Amino acid sequence: MVVDFNGTFDFVSSDNFDGYMKVLGIDYPTRKIGNLLKPQKVVTQQGDHFCFKTFSSFRNYEVSFTVGVEFDEHTKGLDKRDLKEWFPSGHSPIKPDL
């Protein structure tokens with residue numbers, strides 16, 4: 001059964017977002033702005049292809065990817081990091097220690 005992720009999602013709350021951004025190495029001014037934002041996410045899905053659009057009063061951002069295919073992302077306009085990402089299909093090969 002395929003899960004339908006299409007939809008619009010409004011920010012409700014977060015816990016320790018500043019601490020999370022700090023661990024990622026995001027500078028103080030950017031963290032302060034990030035803590036004030038209440039973004040909205042719009043997810044569109046066509047099979048294994050996803051597009052995430054983030055809308056906020058500060059910046060808008062978009063990322064698209066296909067499940068199972070590694071891709072490069074530059075978070076321009078956000079925290080300006082270069083990332084190599086991959087969203088596995090099926091079950092993740094990463095298993096938590098229980």
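Two strands pair if DSSP finds at least two bridges between them. Helices (H or I, at least four residues) and strands (E, at least two) are DSSP runs, numbered from the N terminus. This is a predicted model, in which local features need pLDDT of at least 70 and side-chain atom pairs count only at pLDDT 80 or more, while totals for chains, interfaces and linings use all residues. Residues are numbered from 1 along each chain as its sequence is written, and side-chain values use heavy atoms, with hydrogens and water left out.

The protein has two helices and six strands, arranged along the sequence in the pattern β-α-α-β-β-β-β-β.

**Strand pairing**

| Strands | Sense | Bridges |
|---|---|---|
| Strand 1 (residues 7-10) and strand 2 (residues 40-46) | antiparallel | four bridges |
| Strand 2 and strand 3 (residues 49-55) | antiparallel | seven bridges |

Thr 8 stands opposite Val 42 of strand 2. Thr 44 has Cys 51, in strand 3, as its bridge partner. Strands 2 and 3 form a hairpin with two residues between them, and Gly 47 in the turn has a positive phi of about 65°.

**Helices and surface**

Arg 31 belongs to helix 2 (residues 28-36). With a relative accessible area of 9%, Arg 31 is buried; buried means under 20% relative accessible area, exposed over 50%, and partly exposed in between (1.4 Å probe, protein chains only). Leaving aside residues up to four places away in sequence, Arg 31 touches Asp 18, Met 21, Lys 22 and Ile 26, where a contact means heavy atoms within 4.5 Å.

Phe 17 lies in helix 1 (residues 17-23) and counts as partly exposed because its relative accessibility is 30%. Together with Tyr 20 and Leu 24, Phe 17 makes a nonpolar surface patch of about 270 Å². Patches are made of residues with over 30% relative accessible area and no salt bridge, with like charges joined within 9 Å and nonpolar side chains (Val, Leu, Ile, Met, Phe, Trp, Tyr) within 5 Å. A salt bridge is a side-chain nitrogen of Lys or Arg within 4 Å of a carboxyl oxygen of Asp or Glu. Areas come from the Shrake-Rupley method with a 1.4 Å probe; for residues, only the protein chains shown count as cover.

Of the 98 residues, 19% count as buried.

**Confidence**

The mean pLDDT (the predictor's confidence in each residue, from 0 to 100) is 83, and 85% of the residues reach 70 or more. Among the elements, strand 1 has the highest mean pLDDT (96) and strand 6 (residues 82-85) the lowest (79). Over residues 94-98 pLDDT stays under 50, and the model has zero contacts there beyond four places in sequence. Where pLDDT is low, the predicted coordinates should not be read in detail.
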